[in-house]
Amino acid sequence: MMTLGPQAAYVLGHPGAFALRVVKGFRANQGLLLAGAVAYYALLSIVPLLILIAIALSHVIEQSALLEAIGRYIGWLAPGQSAFIVSEVANFLTHRQVVGWLLLVTMLFFSSLAFTVLENAMSVIFVHRVAIRRRHFLVSAVLPYCYILSLGVGLLLVTLVSGSFAALGGKSVAFLGTVWSLSGFSGVLLYLLGLAGEIFVLTSVYLVMPVGRLSLRHALIGGVTAALFWEITRHVLLWYFGTLSQVGVVYGSLTTAIVVLLSLEIAAALLLLGAQVISEYERIGTAAHDAPAQPMRTRAAPVADSLPKR
């Protein structure tokens, strides 16, 4: 019989207390404020990042299949708004000859901003790790570009696999005189592929972004938590924007930017919440776990020091 570790035993024995500690820690770390910063820079980064990946992959993947795959997975990140983003990427691919080295370097810089801000946000949540060991600045500088390269390779693999699943949907199987279409089965496989890819990306973020070596099991706990919360939230957002929302009436031509920014902020909040789950989980049984959550403050100079000297 498999025995549970002290951390898992505590969570299973006190799920409410653990969830309360996560919420208190997230609030003390100003999680929503950090999520807003990550979402803002993600909004600046998402189009340049997609353009760079699309330009690179268009040399090995047919453009329509590539854009279809990008649209499918952007729809997971910005529900209901993937068509606009994909059209911008397609328009840029059509006029790729105008891309010079200066523009390429500029897009590469902006595409890395979100990863840099996310790393800083993670250092706030995993402050107990930063206090023990700091990351070399060269590693922090190179890390976003390595991650962009990894995302490009991942998108290539996912596009090839999803193309195979989509082709499977056009086939049928004859059994006992009845013909069964595989379109529904193909749709389930595509959804599971997307969910598995989502968990994999989130887990990789938790493995790479925090300072120090995080165990795969802890990173997977955060990845599954954030993915499940996002799946629920994504379907709620799709329903809300499709039925009740009047955001188009209020914001007019800014609607797409506002909706994408809102979706990114919610996604960033859940991403950081998953990081908070890992942070609280790995501190179970330590002195830091018993101490109450301390709010994040900036250190101000004493009033007496700011007064003019006589």
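F18 is buried, at a relative accessible area of 9%; buried means under 20% relative accessible area, exposed means over 50%, and partly exposed is in between, with a 1.4 Å probe and protein chains only.

A word on the source. This is a predicted model, in which local features need pLDDT of at least 70, side-chain atom pairs count only at pLDDT 80 or more, and totals for chains, interfaces and linings use all residues. Residues are numbered from 1 along each chain as its sequence is written, and side-chain values use heavy atoms, with hydrogens and water left out.

The overall picture next. The chain has 14 helices and two strands; these are DSSP runs, H or I of at least four residues for helices and E of at least two for strands, numbered from the N terminus. Of its 310 residues, 40% count as buried. If we take contacts between residues at least 6 apart in sequence, 78% of them join residues at least 24 apart, where contact means heavy atoms within 4.5 Å.

Now the aromatic pairs. Rings of Phe, Tyr and Trp, the last by its six-membered ring, pair if their centres lie within 6.5 Å; planes under 30 degrees apart count as stacked, over 60 as edge-to-face, and the rest as tilted. That rule gives two aromatic pairs. In one of them, the ring centres of F18 and Y281 are 6.5 Å apart and the planes stand at 85°, so this pair is edge-to-face. F18 belongs to helix α2 (residues 15–28) and Y281 to helix α12 (residues 255–282), so the pair ties together parts that are 263 residues apart in sequence. Y281 is buried too, at 7% relative accessibility. Y40 and Y41 also form an edge-to-face pair, with 5.1 Å centre to centre and 80° between the planes. Both of these tyrosines are partly exposed: Y40 at 45% relative accessibility, and Y41 at 30%.

On to the packing around α4. How do α3 and α4 cross, left-handed or right-handed? The crossing is right-handed; a crossing is left-handed if the near helix is turned anticlockwise from the far one by less than a right angle, and right-handed if clockwise. The axes of α3 (residues 31–57) and α4 (residues 63–77) come within 11 Å and cross at roughly 155°. Axes here are lines fitted to C-alpha atoms, for helices over the stretch in contact, and angles run from 0 to 180 degrees between N-to-C directions. The two helices are therefore roughly antiparallel; under 35 degrees counts as roughly parallel, over 145 as roughly antiparallel, 65 to 115 as roughly perpendicular, and the rest as oblique. On the α3 side the contact uses I46, L50, A54 and L57, and on the α4 side L66, I70, I74 and L77. By class that is eight nonpolar, no polar and no charged residues. For the classes, Ala, Val, Leu, Ile, Met, Phe, Trp, Tyr, Cys and Pro count as nonpolar, Asp, Glu, Lys and Arg as charged, and the others, Gly among them, as polar.

The axes of α4 and α5 (residues 82–94) come within 9 Å and cross at roughly 150°, which makes α4 roughly antiparallel to α5. This crossing is right-handed. From α4, residues Q63, L67, I70, G71, I74 and G75 meet S82, I85, V86, V89, A90 and L93 of α5. The contact divides into eight nonpolar, four polar and no charged residues.

What is the arrangement of α4 and α10, by axis angle? Their axes come within 9 Å and cross at roughly 95°, and the two are therefore roughly perpendicular. G75, W76 and L77 of α4 meet W230, E231 and R234 of α10. The classes in this contact are three nonpolar, one polar and two charged.

Staying with α10 (residues 216–243), that helix holds A219, which is buried at 0% relative accessible area. Apart from neighbours within four places in sequence, A219 is in contact with T203, Y206, L207, L214 and I278. A219 and L202 are 17 residues apart in sequence, with 8.2 Å from C-alpha to C-alpha.

One backbone item to finish. Q30 lies in the loop between α2 and α3. Its phi is near 55°, a positive value in a residue other than glycine. Q30 is partly exposed, at a relative accessible area of 33%.
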